[in-house]
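Hi everyone, thanks for coming. Let's take a look at this one together, starting with a pocket.

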Amino acid sequence: MDKVLNPFSPGAGTPPPELAGRQHILDKAHIMFERLKAGRSEKSFLLIGLRGVGKTVLLNEINRLSEQSGYNSILLEAHERKSLAALLLPPLRQLLFKLDRMENLSSKVKRSFHVLKSFMNSVKMKIQDIEISLDIDPEIGTADSGDLESDLPALLEAIAEAALDRKTAVAIIIDELQYLSEHEMSALIMAIHRIAQKKLPLALVGAGLPQLVGLMGRSKSYAERLFDFPRIGPLEKSDAIAALRGPAKEQDVEITDSALREIMVQTQGYPYFLQEWGYQAWNLAEKSPIDLLTIKVATKESIQRLDESFFRVRFDRLTPREKEYLHSLAVLGDGAQRSGDIADKLRVTPQSVAPIRNSLIKKGMIYSPAHGDTDFTVPLFGAFMKRVMPNVLGD
């Protein structure tokens, strides 16, 4: 078959040919945007899920929906080596210039520039990764205390008031939220809380790994009442089949039932892996229909490619001790394992490996689905660990 016409698209945040099984999330976003813009209360929300479930794809689609609803949106990705202030300031500055270019003067927009300058001056004293400039006087006494929990709410409130004055709205969309510190998360929660109390037209949509819920709870106990936390998991069988069969059928290609069943077994319904298997199967098939034999060969190709890229890039960030910890988690079996059992496997005490476990949580490799339990954030990573580290500790 023609590889150029291959409809499947595995990749980080690459939109699939069919966004199956996620319409309820998009409907939720649409309702939130429209209600906030109309001055009605509605919770912001944060998508929670493992790697490979399509959180980034959903955020990109939600960003498109926000713009269709007349919002001025900014789309960011948090990471370990950059502060929240450094992430927010450049797009917020650009947003204010956009509001300022609209017809007629706005005192609210002008004031928000002064507040932004106050915030910039304050964080520059503490954070070295702020590189933007703004040739305007600060508003003394607003967003300039040096305390992020005080200053960020004041800044976002001023921006939301400017948007209201311009009869528009703002959407802040942040991926990988679990990389924020507790202090940064607390400041962001406080800002959204103040904006919600005043019914201002600013929405926060985010996404993160499962540990994000605990991070928010530790940062501010009322976070669970301020946000919704939709869980994004593997696709239901019917949606997974639609994600494969629909795009293929548009190219007049069929996939046999036995082939689809095998893909479901191998991928467990995770969207990223569905795209990988679909992509490889298409390239291997000589003609329609794509059959079970083709999928068995595609499985070998898919696993090899995942080992060389999707899994390897995460594995290479690990220290030797972290690799040993993850290998022990893998050989104990699928699903969550007791942290004490992992320590036993390593022949050490749970207390001695607690720093390693904490480091792996911060790197986004594992999470705790329940107290004392540990599981991978990357589906199928356990099998990779056993392939890449065979016969470790006599296993």
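The largest share of the lining of the second largest pocket comes from α7, which gives five residues. Before going on: this is a predicted model, where local features need pLDDT of at least 70, side-chain atom pairs count only at pLDDT 80 or more, and totals for chains, interfaces and linings use all residues. Residues are numbered from 1 along each chain as its sequence is written, and side-chain values use heavy atoms, leaving out hydrogens and water.

Helices here are DSSP runs (H or I, at least four residues), numbered from the N terminus. A pocket is an open set of points on a 1 Å grid over the protein atoms alone, where a 1.4 Å probe fits, with protein on both sides within 12 Å along at least five of seven lines; lining residues have an atom within 4 Å of a point.

Of its 19 lining residues, Gln 211, Leu 215, Arg 218, Ile 361 and Lys 362 are the closest to the centre. Two or more lining residues come from each of α7 (211–219) and α16 (350–362).

Now the largest pocket, with a volume of about 810 Å³. It is lined by 41 residues, and Ala 12, Gly 13, Gly 52, Thr 56 and Arg 314 are the closest to its centre. Helices α2 (55–68), α11 (271–284) and α13 (312–315) each supply at least two residues of that lining.

How values were computed: Points joined across faces, edges and corners; volume = space filled by probe spheres on them.
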